[in-house]
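I opened my notebook on this one with a friendly list of things to look up. Here is what I wrote down as I went.

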Amino acid sequence: MPSLEERLDKAERMMKTPSFRQNKGLGNEVGYYIFDYPAEQELVVRERIEYLKAKNAKSTDGFELVVFDLYDIVIDILEQEGFMEQCFQFEKNKGMAHIVKAVGNLLQIDNDAGMIVQYIQERTPEEAVIFLTGIGKCYPLLRSHKILNNLHQVIDRVPVVMFYPGKYDGQELVLFSEIKDDNYYRAFRLVD
């Protein structure tokens with residue numbers, strides 16, 4: 001079984017191939033990919049993503065690497081909407097289940113025109129590769145399958161790679177290798 005470093009190296013090589021960036025997966029499906037990894041290796045993955053972003057140059061690579069940390073997006077939106085203090089109070093008084101519902105309603109999590117999808121769509125240039133990070137930091141506010149389903153409806157011109165701290169077998173997402181998310185069939189494992 002290849003090491004995480006070997007898998008990250010292979011992912012970097014794949015991403016630079018024109019066929020990957022033409023955004024067609026197997027069977028001409030839209031190019032949505034999941035790079036799963038052990039959650040305890042989160043810092044290694046973050047460092048590699050930062051390295052890839054720093055060395056990316058559209059003029060030589062032919063694409064812009066755009067990294068979206070879903071947690072940062074959620075916090076940005078909550079702050080812009082003036083909802084952060086309310087969230088703290090709501091969680092304190094009503095509990096986490098209520099805050100998850102309230103934030104989900106505000107962000108329109110179940111809608112392909114939701115705030116997170118719009119945020120990503122508005123900030124993605126024409127020739128890009130999208131990296132989605134931070135899904136582990138967002139639990140239980142966001143579920144990866146909902147984000148992917150909603151993005152899949154509106155972003156089909158560039159490849160999307162979700163970095164997933166857990167396991168993905170091509171059908172089932174298991175966050176932190178312990179929490180069953182939901183089944184998701186539209187993404188391919190980026191590398192084995």
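**Cysteines**

I started with the cysteine 87 sulfur: its closest cysteine sulfur, in cysteine 138, is 13 Å away, too far for a bond. My cut-off for a disulfide is a pair of cysteine sulfur atoms within 2.5 Å, and by this rule I count zero disulfides. I then looked up burial, where buried means under 20% relative accessible area, exposed over 50%, and partly exposed in between (1.4 Å probe, protein chains only). Cysteine 87 is buried, at a relative accessible area of 8%, and cysteine 138 is buried too, at 3%.

**What I am working from**

I note that this is a predicted model, in which local features need pLDDT of at least 70 and side-chain atom pairs count only at pLDDT 80 or more, while totals for chains, interfaces and linings use all residues. Residues are numbered from 1 along each chain as its sequence is written, and side-chain values use heavy atoms, with hydrogens and water left out.

**Cores**

Next I asked which residues touch the most other members of the largest nonpolar core. They are Leu70, Ile116, Ile120, Leu132 and Leu142, in a core of 42 residues. Helix α5 (residues 70-80) gives the largest share of this core, six residues. Here a nonpolar core is a set of buried Ala, Val, Leu, Ile, Met, Phe, Trp, Tyr and Cys residues joined through side-chain atoms within 4.5 Å; helices (H or I, at least four residues) and strands (E, at least two) are DSSP runs, numbered from the N terminus. Another core, of 20 residues, lies apart from it and includes Phe20, Tyr37, Ile49 and Phe188.

I also listed the contacts (heavy atoms within 4.5 Å) of isoleucine 120. Leaving aside neighbours within four places in sequence, isoleucine 120 is in contact with Phe68, Leu70, Ile73, Ile130, Leu132, Leu151 and Ile155.

**Strands**

I then followed the strand pairs, which need at least two DSSP bridges. Strand β4 (residues 160-168) runs antiparallel to strand β5 (residues 172-175), with three bridges joining them, and tyrosine 168 stands opposite leucine 173 in β5. Three residues sit between the strands of this hairpin, where glycine 170 takes a positive phi near 100 degrees.

β5 is also joined by three bridges to strand β6 (residues 179-183), again antiparallel. Valine 174 has lysine 180 in β6 as its bridge partner. This second hairpin has three residues between β5 and β6, and phenylalanine 176 in the turn has a positive phi of about 60 degrees.
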